[in-house]
Amino acid sequence: MNIGKFLPVPIAVGILAFLLMVISSQFNLLAWVAFITWGAYFLSGINTRGAVREGISFTLGIVFGILIVMIGTFLTPMTGMYAFPIAVALAGFVIVYLELVPWFDMAPGYFLGAAAFFAVGAKPDAATFIALWIPAMLGLGLGVFTGYLRAVIFKIEGTKDPLKK
């Protein structure tokens, strides 16, 4: 691909990343969470169906993280040090089994959502959920918008998007 024809794409992404950082600092959002879902959009097929699947799986990944903490805490008096490994094993089993259910079949998104939940301290409450979910959906929106911009830029340039195979 011609470097000059590709140049508008990284310029657009740079501008969007700048705006994300400004918005995140103004509204106290976790920008790194937005970057996770923004990038994950491009792993989910760069289309509407992939975006919906990613939104569902990341959201439910946060919920699974909350459930892991709740189940692990509940099991601790009975199973001791095995409580959280059991809770994680159960969550992993359900997440992977969901690969058989249309629209709920994007296992990596669940793991990304759960990992983000644990990265912010694993506090199983609504405030933590919201603190993760808002920037996650912002990032997903940026992914969709970036995908749209790429399509427009490559159409104008008369070239095919190298990410669309």
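**View A. Residues lining the largest cavity.** V9, A12, V13, L16, T146, L149, R150 and I153 line the largest cavity. This is a predicted model: local features need pLDDT of at least 70, side-chain atom pairs count only at pLDDT 80 or more, and totals for chains, interfaces and linings use all residues. Residues are numbered from 1 along each chain as its sequence is written, and side-chain values use heavy atoms, with hydrogens and water left out. A cavity is a set of points on a 1 Å grid over the protein atoms alone where a 1.4 Å probe fits but cannot get out; lining residues have an atom within 4 Å of a point. Helix 2 (8-27) and helix 7 are the elements that give two or more residues to this lining. Helices are DSSP runs (H or I, at least four residues), numbered from the N terminus. By class, the lining has 6 nonpolar, 1 polar and 1 charged residues. Nonpolar covers Ala, Val, Leu, Ile, Met, Phe, Trp, Tyr, Cys and Pro; charged covers Asp, Glu, Lys and Arg; the others, Gly among them, are polar.

**View B. Volume of the largest cavity.** The volume is about 30 Å³. The count comes to 1 cavity of 30 Å³ or more. Volume here is the space filled by probe spheres set on the grid points, which are joined across faces, edges and corners.

View C. Helix 7 spans residues 126-157, 32 residues in total. From first C-alpha to last, helix 7 reaches 46 Å, close to the 46 Å expected. The expected span is 1.5 Å times one less than the number of residues. Just after helix 7, G158 takes a positive phi of about 75°.

**View D. Aromatic pair F35 and W38.** The whole structure holds 7 aromatic pairs. Rings of Phe, Tyr and Trp (its six-membered ring) pair if their centres lie within 6.5 Å; planes under 30 degrees apart are stacked, over 60 edge-to-face, the rest tilted. F35 and W38 are stacked, at 5.7 Å centre to centre and 15° between the planes. Both lie in helix 3 (residues 31-41), 3 residues apart, about one turn of the helix. F35 is partly exposed at 35% relative accessibility. W38 is buried at 6%. Buried means under 20% relative accessible area, exposed over 50%, partly exposed in between (1.4 Å probe, protein chains only).

**View E. Aromatic pair F117 and F118.** The ring centres lie 5.2 Å apart with planes at 75°, so F117 and F118 are edge-to-face. F117 is buried at 0% relative accessibility, whereas F118 is partly exposed at 38%.

How values were computed: On a 1 Å grid over the protein atoms alone, a cavity is a set of points where a 1.4 Å probe fits but cannot get out, and a pocket is an open set with protein on both sides within 12 Å along at least five of seven lines; lining residues have an atom within 4 Å of a point.
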